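Please look at the sequence and the 3D structure shown below before reading on. The briefing after them is grouped by topic.

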Amino acid sequence: MTNLIRRDLIIQKSQLYLFIPCILFFIFAGTHLPAFFIFVFAGFFIPINAYSYDEKAETNILLNSLPYTRTQIIASRYIGAIFYMAVSIGIAIVLFSLFNRAFTWADIGIGIGITLTLFAIAFPLFYLLKPGHIGTAIVIGFVLMVVLSQVTMTFLEEHLTSIVQFLSSASTPALYISSAGIIIMLYAASWLFSQMIYQRKAF
């Protein structure tokens, strides 16, 4: 299974040359952007590129001809995503420090949380949708996220006082632990859902 995780890095060598320049672009040109956004981009880069490559090359046909079980293939995707997210965010932290761009541990935590949530939503789509439709789904997903964010902002403005009172009544460790627990459960549920889809899928 380690070789499956390494494969995601090998198949996109040319795209990896764009990784650090993109992070530096956001650091220098995107100073108005919140730091956690850059961490999300960094964590999302390698795993999503690997999925996109596999969709174009129909790699799943080849993978299923190799001596790996479908459970191992899905496990390598989810474990590999966490591994490459951690490495990528680590590189982003080094670049932030080298160029004196301010960030906090909260930015890192929020970036990790959002990235894992996006993985949990996106990964099953790569197995559920037909090849060629995933790009469209991602575009629609981003549009829906923008619409939902506007609705959320409206809701927060209307109920801000009660929400602030609730959050202030809860301790910071409790909020972090509960948020982490929800994200872990969501990621685990996504893993199981993807495995169910992949086990029944014909290649």
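Is Gly-43 buried or exposed, and at what relative accessibility? Gly-43 counts as buried, at 0% relative accessibility; buried means under 20% relative accessible area, exposed over 50%, and partly exposed in between (1.4 Å probe, protein chains only). This is a predicted model, in which local features need pLDDT of at least 70 and side-chain atom pairs count only at pLDDT 80 or more, while totals for chains, interfaces and linings use all residues. Residues are numbered from 1 along each chain as its sequence is written, and side-chain values use heavy atoms, with hydrogens and water left out.

**The chain overall**

- The chain has 9 helices and 0 strands; helices (H or I, at least four residues) and strands (E, at least two) are DSSP runs, numbered from the N terminus.
- Along the sequence the pattern reads α-α-α-α-α-α-α-α-α.
- The chain has 203 residues, of which 32% count as buried.
- Among contacts in the chain with a separation of 6 or more, 84% are between residues 24 or more positions apart; contact means heavy atoms within 4.5 Å.

**Gly-43 and its surroundings**

- Gly-43 is located in helix α4 (residues 35-57).
- Leaving aside neighbours within four places in sequence, Gly-43 is in contact with Met-85, Ser-88, Ile-89, Thr-115 and Phe-119.
- Gly-43 and Ile-112 are 69 residues apart along the chain, and their C-alpha atoms are separated by 7.5 Å.

- In helix α1 (residues 2-10), the buried residues are Leu-4, Ile-5, Arg-7 and Asp-8. They cover an arc of only 150° around the axis, so they sit on the same side of α1; the arc is that of the directions from the helix axis to the C-beta atoms.
- In α3, the buried residues are Phe-19, Ile-23, Phe-26 and Ile-27. Seen down the axis of α3, they fall within an arc of 100° and therefore line one face of the helix.
- The exposed residues Phe-25 and Phe-28 are on the face of α3 turned away from its buried side.

- Two packed helices are described by the angle between their axes and the distance between the axes. Axes are lines fitted to C-alpha atoms, for helices over the stretch in contact, and angles run from 0 to 180 degrees between N-to-C directions.
- Angles under 35 degrees count as roughly parallel, over 145 as roughly antiparallel, 65 to 115 as roughly perpendicular and the rest as oblique.
- The axes of α1 and α6 come within 8 Å and cross at roughly 55°, which makes α1 oblique to α6. Residues of this contact include Leu-4 and Ile-5 of α1 and Ile-73 and Phe-83 of α6. The contact of α1 with α6 divides into 7 nonpolar, 3 polar and 4 charged residues; Ala, Val, Leu, Ile, Met, Phe, Trp, Tyr, Cys and Pro count as nonpolar, Asp, Glu, Lys and Arg as charged, and the others, Gly among them, as polar.
- Helix α3 (residues 19-29) and helix α6 (residues 70-98) pack at an angle of about 50°, with their axes 11 Å apart, and are therefore oblique to each other. From α3 the contact takes in Phe-19, Ile-20, Ile-23, Leu-24 and Ile-27, and from α6 Ser-88, Ile-91, Ala-92, Leu-95 and Phe-96. These residues divide into 9 nonpolar, 1 polar and no charged.
- The axes of α6 and α7 come within 11 Å and cross at roughly 150°, so α6 and α7 are roughly antiparallel to each other. Among the residues that meet are Ile-74, Ala-81 and Met-85 in α6 and Ile-108, Ile-112 and Phe-119 in α7. The contact of α6 with α7 holds 14 nonpolar residues, 1 polar and 1 charged.

**Two loop residues**

- Tyr-68 lies in the loop between α5 (59-63) and α6, and at 21% relative accessibility Tyr-68 counts as partly exposed.
- Not counting residues up to four places away in sequence, Tyr-68 touches Met-1, Asn-3, Leu-4 and Ile-73. Tyr-68 and Leu-4 are 64 residues apart in sequence and 9.2 Å apart in space, C-alpha to C-alpha.
- Most residues other than glycine have a negative phi. Asn-100 has a positive phi of about 55° although it is not a glycine.
- Asn-100 is in the loop between α6 and α7 (105-128) and is exposed, with a relative accessible area of 70%.
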